[in-house]
Amino acid sequence: MTQDSPSPADERPSKSQLKREMHALQALGERIIAMSPAERARFPLSEDMLAAVEETSRIRSHEGRRRHMQYVGKLMRREDLEAIQAVFDEIEQESRRRDLAFHRLEKWRDRLIDEGDAAVEAFIEEHPDVDRQALRQLIRNAKSERERGKPPANARKLFRLIRDTAGL
């Protein structure tokens, strides 16, 4: 054998690398197990994997759970990891969009309280179906709360009104 050609031992992954991959698969399985049943239903999982996920909730002992998670990691090797990752990415994108939408609504709330009539007119222009009377009343109450250093109960109500009007 020449020095330039790799030996068979060099071609296969090291034991440490295999362990890292196995732990990554177990962690992926744990993330799936931690999700709600509705979210979990979005994943393309095999019957064996679904049964293992279901079984996890019945295991009480620490050692039993540790062994079961090793089994889940083993099952994960047979799953379509690209499709599972695609669902995780999709869920993350939805979460990011939802967060951005809530930040926009929070900015509207702050703007309505700080700027008054100009912001109210802009909001009504953007959302003509809003209950104008309730909107103005909540803005007045929120300003009053802020000035008196009270808890922001009306600001929360204003946020809910804005959220419901925006359809989120």
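Q: Where is Gly 29 found in this predicted model?
A: In this model, which is predicted, Gly 29 is found in helix H2, the helix that covers residues 15-34.

Q: Why is Gly 29 called buried?
A: The relative accessible area of Gly 29 is 0%, and a residue counts as buried when this value is under 20%, so Gly 29 is called buried.

Q: Which residues does Gly 29 touch, leaving aside those up to four places away in sequence?
A: With those neighbours left out, Gly 29 touches Met 49, Met 69, Val 72 and Met 76, where touching is taken as having heavy atoms within 4.5 Å.

Q: How many residues apart along the chain are Gly 29 and His 127, and what separates their C-alpha atoms?
A: Gly 29 and His 127 lie 98 residues apart along the chain, and their C-alpha atoms are separated by 43 Å.

Q: What makes the pair of Asp 48 and Arg 78 a salt bridge?
A: The closest N and O atoms of Asp 48 and Arg 78 are 3.7 Å apart, and the cut-off for a salt bridge is 4 Å, so the pair qualifies as a salt bridge. This pair links distant parts of the chain, with Asp 48 in helix H4 (residues 47-56) and Arg 78 in the loop between helix H5 (62-76) and helix H6 (81-115), 30 residues apart.

Q: What separates Glu 92 and Arg 96 in helix H6?
A: Glu 92 and Arg 96 are 4 residues apart in helix H6, so they are separated by about one helical turn. They form a salt bridge whose closest N and O atoms are 2.5 Å apart.

Q: How many salt bridges does a search of the whole structure find?
A: The search finds 14 salt bridges.

Notes: Residues are numbered from 1 along each chain as its sequence is written. This is a predicted model: local features need pLDDT of at least 70, side-chain atom pairs count only at pLDDT 80 or more; totals for chains, interfaces and linings use all residues. Side-chain values use heavy atoms; hydrogens and water are left out. A salt bridge is a side-chain nitrogen of Lys or Arg within 4 Å of a carboxyl oxygen of Asp or Glu. Helices (H or I, at least four residues) and strands (E, at least two) are DSSP runs, numbered from the N terminus. Buried means under 20% relative accessible area, exposed over 50%, partly exposed in between (1.4 Å probe, protein chains only).
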